[in-house]
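Please look through the model shown here.

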Amino acid sequence: MATPTPEVSFDQAFAAYRAWIGYSIRPVVPERRGRPHKRQRIVAVSDFHCPHQIDEHVRTLIHNESKHTDLLVIAGDFMDLGSVSRWPKLTKQSSILEDCIAAQKVMFALASAFRKIVLIPGNHDKRLLKKMADGGVPGDVMQYLRTVAPQALDPLLFVTAGLRNVEMAPPLTYGDAAYDYLWQQGDLVIGHPESYSKIPAKGSGLFLDWVMKTAVPAGIIRQPVKLILQGHTHGAGLVWNDYGAWSGETGCMCKMGDYTSDPKLRTPRPWCPGYVVTEQAGGVTDINATRFVSL
């Protein structure tokens, strides 16, 4: 009779992961300053698609940026949740629980390194909620779960539970609509809209166009808008765009998915691992201090 494999606790798994990525200093405690920084350094990163993150890139992000960064903004798709996607599965998928534990491991590593993290949900992060709605779960049951067990509907709440320096981006609202994929600080807008194009940087241009034509007139986004950054495309680049603003795509932190091998060529552009670094003073973004960091 085979000897049963002992279960590994989260603490053991997390300790091993921190050791592997080479991060061993004591976890940071959110700083309480008498007055805010005159200049704030912001890193925008997206599309980890845990458990498909590239661990070498997570290690590089922490090593190169954590000591000098005031705010890390994760612009969507932190989790993949491929097992509950609507798309055909080409390979064996990990379970929801396995995805949650993998994402929790990465988030704990980031939260131990960075002073403050803002997390914007993406379309992949909402796959479980969409699956339950598609499966016919009644609306009153969904409302009940939102009230008594919100982590059951939103895995990101499970992943970030207990982390004092990690917060979900509060949804921007207009009428009955909640735009939870948008975040704004000063003249900087970061989001995870599902706009995409095979033309480089066009996805972020479509995002900027929507912001200026719809979100600004409705009061969802405040003027001025100087820089707009988009997750979702896995592409990269910064472009001087219309409306006197810059737009850019934040790259990704994940491996190319199995679906990219589809012979119908549904993924016409290569993914670009990396992130965007920028700086603000008094809510005003310094474009000359803004750049994409390629990994």
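Asp180 and Lys126 form a salt bridge through their side chains, at 2.8 Å from N to O; the term stands for a side-chain nitrogen of Lys or Arg within 4 Å of a carboxyl oxygen of Asp or Glu. The two residues are 54 apart, with Asp180 in the loop between β6 (177–179) and β7 (182–185) and Lys126 in the loop between β3 and α4 (127–134). Helices (H or I, at least four residues) and strands (E, at least two) are DSSP runs, numbered from the N terminus. Asp180 is partly exposed, at 21% relative accessible area, and Lys126 is partly exposed as well, at 24%. Here buried means under 20% relative accessible area, exposed over 50%, and partly exposed in between, with a 1.4 Å probe and protein chains only.

The model is predicted: local features need pLDDT of at least 70, side-chain atom pairs count only at pLDDT 80 or more, and totals for chains, interfaces and linings use all residues. Residues are numbered from 1 along each chain as its sequence is written, and side-chain values use heavy atoms, leaving out hydrogens and water.

The structure holds five salt bridges. One of them joins Arg39 to Asp286, with the closest N and O atoms 2.4 Å apart. Arg39 sits in the loop between α1 (10–21) and β1, and Asp286 in strand β13, so the pair links distant parts of the chain, 247 residues apart. Arg39 has a relative accessible area of 39% and Asp286 one of 23%; Arg39 and Asp286 are both partly exposed. Salt bridges that share partners join Arg39, Glu279 and Asp286 into one network.

Glu65 and Arg41 form another salt bridge, at 2.7 Å from N to O. Because Glu65 lies in helix α2 and Arg41 in strand β1, the pair ties together parts that are 24 residues apart in sequence. Glu65 is buried at 4% relative accessible area, and Arg41 counts as buried at 15%.

Strand β1 belongs to an open sheet of six strands, ordered β4-β3-β2-β1-β12-β13, with mixed pairing; two strands pair if DSSP finds at least two bridges between them. Its edge strands, β4 (166–168) and β13 (284–294), each pair on one side only. From one strand to the next the twist averages 20°. Strands β1 (residues 40–45) and β2 (residues 71–75) run parallel and are joined by four bridges; Ile42 has Leu71 as its bridge partner in β2. Helix α2 (residues 55–65) packs on the sheet, touching β1 and β12 (274–281), where contact means heavy atoms within 4.5 Å.

Note on methods. Axes fitted to C-alpha atoms, helices over the stretch in contact; angles between N-to-C directions.
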